[in-house]
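Here's a quick briefing to read with the model open beside you. Take a look at the fold first, then work through the points below.

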Amino acid sequence: MAMGLHGKGSGGRRGRGARAPMAEINVTPLVDVMLVLLIIFMVTAPLLKAAVPVELPESRAKAMAEAQHQITLTVKRDGTIWFDTTQLAPGELADRLAAVPAEPDGKRPLVALRADRAIDYGRVMEVMGELNRAGFTSISLVSDAGEGTVSDGSGT
């Protein structure tokens with residue numbers, strides 16, 4: 001009768017402390033954490049886009065696709081104007097609009113105009129007049145669709 005003296009482990013003896021090192025990495029917890037982070041970023045990414053908080057008017061217009069290069073102008077309730085995330089001083093809007101470079105095809109970029117629902121309509125028209133004077137003819141008026149999405153109604 002032959003016995004195998006050179007078995008697995010240390011001489012065929014497998015006690016509690018004599019375990020072989022595991023060669024594979026368990027990636028299941030890593031995948032779980034990555035999926036949770038992906039969901040968190042997918043939920044918070046749209047919230048980070050509009051940095052200046054305003055109460056948008058509600059509309060039943062369909063949501064439009066976003067342009068790759070667009071400028072966001074925000075008119076707050078107190079009448080202050082924000083160029084993307086920078087507050088502008090009174091009278092600075094025309095200079096900032098003149099400094100915006102044209103796209104390669106010669107057109108001006110799309111402007112997304114966000115105005116608080118309580119703002120005076122005349123103030124919104126002043127901003128649109130400055131946009132028109134600076135050569136921006138593609139303007140989207142941003143409104144709240146009421147279902148948590150943002151829709152744009154194109155204007156001039």
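A contact here means heavy atoms within 4.5 Å. With that in hand: of the protein chain's contacts between residues at least 6 apart in sequence, 59% link residues at least 24 apart. Keep in mind that this is a predicted model, where local features need pLDDT of at least 70, side-chain atom pairs count only at pLDDT 80 or more, and totals for chains, interfaces and linings use all residues. Numbering starts from 1 along each chain as its sequence is written, and side-chain values use heavy atoms, with hydrogens and water left out.

**Confidence**
- pLDDT is the predictor's confidence in each residue, from 0 to 100, and the protein chain has a mean of 77, with 71% of its residues at 70 or more.
- Strand β2 (residues 81-83) has the highest confidence, at 91, while strand β6 (residues 150-155) has the lowest, at a mean of 45.
- Go carefully around residues 148-156: pLDDT stays under 50 there, and the model gives that stretch 29 contacts beyond four places in sequence.

**Overall layout**
- Helices (H or I, at least four residues) and strands (E, at least two) are DSSP runs, numbered from the N terminus; the protein chain has three helices and six strands.
- Their order along the sequence is α-β-β-β-α-β-α-β-β.
- Buried means under 20% relative accessible area, exposed over 50% and partly exposed in between (1.4 Å probe, protein chains only); 24% of the 156 residues are buried.
- The accessible surface (Shrake-Rupley method, 1.4 Å probe; for residues, only the protein chains shown count as cover) is about 11600 Å², and carbon and sulfur atoms account for 59% of that.

**Strands β4 and β5**
- Two strands pair if DSSP finds at least two bridges between them; strand β4 (residues 110-115) and β5 run parallel, with four bridges.
- Together, β4, α3 and β5 form a right-handed β-α-β unit; right-handed means that, with the strands pointing away from the viewer, the path from the first strand over the helix to the second runs clockwise.

**Residues to look at**
- G135 sits in the loop between α3 (121-133) and β5 (139-144), and is partly exposed at 35% relative accessible area.
- K107 is 28 residues from G135 in sequence, yet their C-alpha atoms are 8.9 Å apart in space.
- T74 belongs to strand β1 (residues 70-75) and is buried, at 1% relative accessibility.
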